[in-house]
Amino acid sequence: MSSATILELMGELGSPAGQADPYPVYERLRAMGDVVSGPDDALLVTGHRQCAALLRDNRLRKSPGRLLVAAGFPDWIERPALRMMFTSLLMINPPEHTRLRALVSREFTARRVSALRRPITAIAEELLAPLTGEVDFIDTIAFPFPVTVIGELLGIPAADRPMFQGLVHDWSSVLEILNPPAVEGADAAATRIRAYLSELAAERRAAPRDDLISALAAVSTETADADADGDGALSDDELVTTAALILAAGFETTTGLLANGLLALLAHPAEADRLRHHPELAQSGVEELLRYDSPVQMIYGRSAVEEMTVGDLELHAGQRVITILGAGNRDPNVFEQPAELRLDRDEGGVLSFGAGIHHCLGAALARLEGQVMFPLLLERFPQLRLAGEPVHRPGIAIHSYMAMPVALA
């Protein structure tokens, strides 16, 4: 298949129709092979087995500087939005990644997350209780639910949480580096987020509470005093960047899970009815909703630093790989009839949170929120249906919605 055809398909993927429903484009890519050569010698990977192998191979390195310079941002380190995103855990390599993830992971623990089930359920019930008539699902549920949860976890005061919907949306647009105008509007948002979190961290150092910002602030001060080499400490810049990433990932991805998941359930009323009457399906059901329409569609920016073999792939030094998670999640070699939604599917291997050292730190929290919200939502509103056309979030890396009018009864 010619490079011109690949470019045409990539153009279709970036079109409004392709952004709203990328799966037909993925299937046309898959028809060329599980791995095809894309623009600038990058490999476009649609096969599940190949995606999983590449995600788990720690020899592949993130190369944000190279990527951003190639995208037309030679001054990226001076740009607040690009600097805060592309120097975060999401984009750095070992040993810096190993050190920083270890420090954050010991605070963002499974115990801390599992202890949230009861309060998360209470938050969901309180959020749904007053709703009647027609509402925008994004504004009334899909955004406020996860932002309340991550706000409680981080320790962001309730009155301040609503402002982050627009700020994080604008900042996270830098992940769509193929859309320079979106990046242009992100710096002001990143600057406001950084200023807010810096001030909050200073407050928590002075008066700690039982929240993640306080825990991270303690790691950035007490441990720094104990470790002269700083290996066991977070710098102030790392603290703010990490807190911003947790905040963004804590509701941006979960908002996508809730929005995409609800749309899938409404399109498959028999499956929605099964979950309504069998809430014990929530765990496998959330995995299936993540597989069926992943909030994160692709991971890019990783490359081989030398000639290497990953599974059956031969990579040359400097070659970039783009793992298309949305396509891997519908690989017919792994999932039987992958275009069908089956909430009791038990085939494993969902790629939506990545894998390896960059596996999403908040995956357990996002899953828990979905497991709580979907059964409650379907039970409380058995007549739930779309009341208008959903408005898709622009971009190809993150797949979600900005508005979704629904009728509750």
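Colleague: Let's start with Thr-241: is Thr-241 buried or exposed?

Modeller: The general idea is relative accessible area: buried means under 20%, exposed over 50%, and partly exposed in between (1.4 Å probe, protein chains only). Here Thr-241 has a relative accessible area of 2%, so Thr-241 is buried. A word on the source: this is a predicted model, where local features need pLDDT of at least 70 and side-chain atom pairs count only at pLDDT 80 or more, while totals for chains, interfaces and linings use all residues. Residues are numbered from 1 along each chain as its sequence is written, and side-chain values use heavy atoms, with hydrogens and water left out.

Colleague: Which residues is Thr-241 in contact with?

Modeller: Contact means heavy atoms within 4.5 Å. Setting aside neighbours within four places in sequence, Thr-241 contacts Met-84, Thr-87, Ser-88 and Arg-194. Thr-241 belongs to helix α16; helices (H or I, at least four residues) and strands (E, at least two) are DSSP runs, numbered from the N terminus.

Colleague: Which residues does Trp-171 touch?

Modeller: If you skip residues up to four places away in sequence, the list is Ala-81, Met-84, Met-85, Ala-186, Ala-189, Ala-190, Ile-193, Ala-244, Leu-245 and Ala-248. Some names turn up again in helix α14, whose buried residues include Ala-189, Ala-190 and Ile-193.

Colleague: What does the length of α14 tell me?

Modeller: You compare it with an expected span, which is 1.5 Å times one less than the number of residues. Helix α14 (residues 187–206) has 20 residues and reaches 29 Å from first C-alpha to last, close to the expected 28 Å.

Colleague: How many disulfides does the structure hold?

Modeller: A disulfide is a covalent bond between the sulfur atoms of two cysteines; the cut-off is a pair of cysteine sulfur atoms within 2.5 Å. The count here is zero. The closest cysteine sulfur to that of Cys-51 sits in Cys-360, and at 17 Å it is too far for a bond. Cys-51 is buried at 0% relative accessibility, whereas Cys-360 is partly exposed at 22%.

Colleague: On to the sheet: what is its strand order?

Modeller: Two strands pair if DSSP finds at least two bridges between them. This open sheet of five strands runs β1-β2-β8-β5-β3, with mixed pairing. β1 (35–37) and β3 are at the edges with a single partner strand each, so one side of each has no neighbour in the sheet.

Colleague: Which strands does β5 pair with?

Modeller: β5 pairs antiparallel with β3 (residues 61–62) over two bridges, where Arg-61 stands opposite Ser-303. β5 also pairs antiparallel with β8 (residues 320–323) over three bridges, with Arg-302 opposite Val-321. Strand β5 (residues 299–303) has four of its five residues buried, so it is largely enclosed by the rest of the structure.
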